[in-house]
Amino acid sequence: MSLYFTKEHEWIRVEGDTAIVGITDFAQAQLGDVVFVEVPEAGRQVTKGAEAAVVESVKAASDVYAPVSGEVVEGNQALVDAPDLVNTDAEGEGWFFRLRLSNASELDGLMDADAYRAFCDSQ
């Protein structure tokens, strides 16, 4: 299992040809209290860098971007009912969607945990 991060503050945990995607703890802290989440439906094709989900907080609405291209196999319906899961467990139960990778080489441009931490510290 490999964990990667984007400059837009998404994380992606890859296992084989599937992955789980969410927003980072840093991102949820910046957003504040999350009050609404829209997750993609299974079967939807997403493209690296394109909008895949929506998260709204008391401060702002924000798009969640696909870190890689692929087919959504599951949206986290628990977030629809309990969007505050993003605040309490952003990098665990607060995941947004699972996808089947269509091009694993797209992972090459993403950051590992140390690089992401350094990126956040520079913000």
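**Helix H4 and the cores around it**

In H4, the residues Tyr116, Phe119 and Cys120 are buried, where buried means under 20% relative accessible area, exposed over 50% and partly exposed in between, with a 1.4 Å probe and protein chains only. These residues cover an arc of only 95° around the axis, which puts them on the same side of H4; the arc is that of the directions from the helix axis to the C-beta atoms. Helices (H or I, at least four residues) and strands (E, at least two) are DSSP runs numbered from the N terminus. This is a predicted model, in which local features need pLDDT of at least 70 and side-chain atom pairs count only at pLDDT 80 or more, while totals for chains, interfaces and linings use all residues. Residues are numbered from 1 along each chain as its sequence is written, and side-chain values use heavy atoms, with hydrogens and water left out.

The face of H4 turned away from its buried side carries the exposed residues Asp114 and Asp121. The cover over the buried residues of H4 includes E1 and H1, contact meaning heavy atoms within 4.5 Å. At the N-terminal end, Asp112 caps H4, with a side-chain oxygen 3.3 Å from the backbone nitrogen of Asp114. A polar contact is a pair of N or O atoms within 3.5 Å; within protein, one must be able to donate a hydrogen and the other to accept it, and residues adjacent in sequence count only if both atoms are side-chain atoms.

Aromatic rings come next. Rings of Phe, Tyr and Trp (its six-membered ring) pair if their centres lie within 6.5 Å; planes under 30 degrees apart count as stacked, over 60 as edge-to-face and the rest as tilted. By this rule there are two aromatic pairs. Phe5 and Tyr116 are stacked, at 4.7 Å centre to centre with 10° between the planes. This pair links distant parts of the chain, since Phe5 is in strand E1 and Tyr116 in helix H4 (residues 113-121), 111 residues apart. Phe5 is buried at 5% relative accessibility, and Tyr116 is buried at 7%. Tyr116 also pairs with Phe119 in a tilted arrangement, at 6.4 Å centre to centre and 35° between the planes. Tyr116 and Phe119 are separated by about one helical turn because they are three residues apart in helix H4. Together, Phe5, Tyr116 and Phe119 form one aromatic cluster.

The loop between E1 and E2 holds Thr6, which is buried at 5% relative accessibility. Its side chain reaches the backbone nitrogen of Glu8 at 3.2 Å. Leaving aside neighbours within four places in sequence, Thr6 is in contact with Pro67, Leu110, Met111 and Tyr116. His9 is also placed in the loop between strand E1 (2-5) and E2. Phi of His9 is near 75°, a positive value in a residue other than glycine, and His9 is buried at 14% relative accessible area.

A nonpolar core is a set of buried Ala, Val, Leu, Ile, Met, Phe, Trp, Tyr and Cys residues joined through side-chain atoms within 4.5 Å. The largest one has 26 residues, and those with the most contacts inside it are Ile12, Val37, Phe96, Leu99 and Leu101. Elements giving two or more residues to this core include strand E2 (10-15), helix H1 (25-31) and strand E9 (97-101). A second, separate core of eight residues includes Phe5, Trp11, Trp95 and Met111.
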